[in-house]
Structure formats: C-alpha cells, structure tokens
Amino acid sequence: MAFTVIIPARYQSQRLPGKVLMDICGKPMIQRVYEQACLSSAANVIVATDDSRVASVVEAFGGQVCMTAAAHESGTDRLQEVVAREGFSDDAIVVNVQGDEPLIPPTVINQVAANLAANPQAGVATLAEPIDKVADLLNPNVVKLVTNQQGIGLYFSRSPIPWPRDSFNQLAVELPEELPGEYSFRRHIGIYAYRTVELNRFVTWPVAPIEDSEKLEQLRFMWQGVSIHVADAVENVPAGIDTEEDLQAAINLL
C-alpha cells in the first residue's frame, strides 16, 4: 500500500506565531515533524506552505516542499492544491500530518493510511482515543465523536456525545467525578487519510451548516455523505503545540 504524507505548515499562527520554525532541542519544529513522517512507510513526504521562510528551512534540511496559495481557509484546502499540482490519481491515499506535531508516532501515520486502504466504503479515515475524565468530556476544545459498529463516524462534536442522561441528568447539578462505565467515550485525534478524489470534491462544496456551527471541517464530508472511518490509535499521540507551555512540554519530553 503506497501513500503520501503532506504536512501543511503555515508560518502565521494566532496563539504562537512562527511556531513551525521554533527550535526544539536543536531542530526547527517542522524538521522534527518531517523526520517523524519519514520514519513511517510513506512513499513520499511533502511540506505544503505559503511562506518562503518555511520553504527555505525545509529545503535547507533536505526536505521536499510545495509552495501553495496564502488564501486557503483550511489545511484540507492546502492539501488539495498539492495533489492537484502533483497530479495524484483519484485513488491515491494522502495522509495529513499537522505541522505542529513534532512527536507524532510513525505507527499512527501507517495505521490511518492502512485503515483507509482496508475500508473502500470510506473516503476519509481518522483516529481517536478514549476519554477518561469528566472535564475532557465537557471541554469544547476536546472534539468528541461517535461511530457505528463498523467504525464509521456518525458525528463529531465539541459537545459531550453521547450524553449520559442518567448520570448527567442536568447541567446545573453537581456532576460525578468519574465517567459512567456503560459507554466508552472517545476524543478525536486530528490526523486524517484521504482518497484524492474526496479532496478534489471537498474544495468544490460550500461550507456545511454543521461545519460552520461546530468549526470542524470534517463535518463537510459527512454533510455530503462521505463516510469517515474511525479507529482508536495504536499508540499514544502527544498533543500538538499551540502555546509556549506546549512547546516547553515537547522540549521536556525530548
């Protein structure tokens, strides 16, 4: 099974400007992401950026870079420009690895690509992990999801789903310290594998109402009837870097 990793890497970031070029133990963040991706089974790894500073750094360490337009609203749009420029076939598999995840395990990159290849009914594949804290279930920055028995996503939301009615009967009451055990709550991990044909279709669709409401671009696929395969990650995926505290945590881990 052949697949390509594309790493969207914007220089601008609202919470941590220039983060993809920040030093992590002697290497810029984007280099660490690139090297992790190269440890996967990907046939090719490409950094997609709209900034010459990022491109220069990638080229300096020997990485492959594709300059893209600055106006893209999402990483998915940026990926589509790359596959269009490179002339990928409709059935080619592309994995989106975020440019701010320098500790991404190569095993999960392989996993999400293999899951998409093994599930022809799906146009997109992604990963999840268990939620074990009430605070995480209620946190809108933690994206929750539910699937059917076959691992096909039914919905992604910032709200707690499914809602444990008998345990959390009212938002105003004191909530239990532990999650009820009758259901395994799951959080979304933001790594995706796409079939190229779905990327090409994605950019032709308008923003879906549910996508606009939740600010979750994967809901555009679901709105259009594209199945998303979901599986629990085979390895723990460290959080991406959005703040100075996240950056220091990554440095400490390394």
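Arg-85 and Glu-81 are four residues apart in helix H3, so about one helical turn separates them. Helices here are DSSP runs of H or I with at least four residues, strands are E runs of at least two, and both are numbered from the N terminus. Before I continue, please note that this is a predicted model, in which local features need pLDDT of at least 70, side-chain atom pairs count only at pLDDT 80 or more, and totals for chains, interfaces and linings use all residues. Residues are numbered from 1 along each chain as its sequence is written, and side-chain values use heavy atoms, leaving out hydrogens and water.

Arg-85 and Glu-81 form a salt bridge, with their closest N and O atoms 2.9 Å apart; the term requires a side-chain nitrogen of Lys or Arg within 4 Å of a carboxyl oxygen of Asp or Glu. Arg-85 is exposed at 53% relative accessibility, whereas Glu-81 is buried at 12%. Buried means under 20% relative accessible area, exposed over 50%, and partly exposed in between, using a 1.4 Å probe and protein chains only.

I turn now to the strands. Six of the seven residues of strand E7 (residues 124-130) are buried, so the rest of the structure largely encloses this strand. Seven bridges join E7 to the antiparallel strand E10, and five join E7 to the parallel strand E11; pairing requires at least two DSSP bridges between two strands.

A further salt bridge, at 3.0 Å from N to O, joins the side chains of Asp-232 and Arg-186. This pair links distant parts of the chain, with Asp-232 in E11 and Arg-186 in E10, 46 residues apart.
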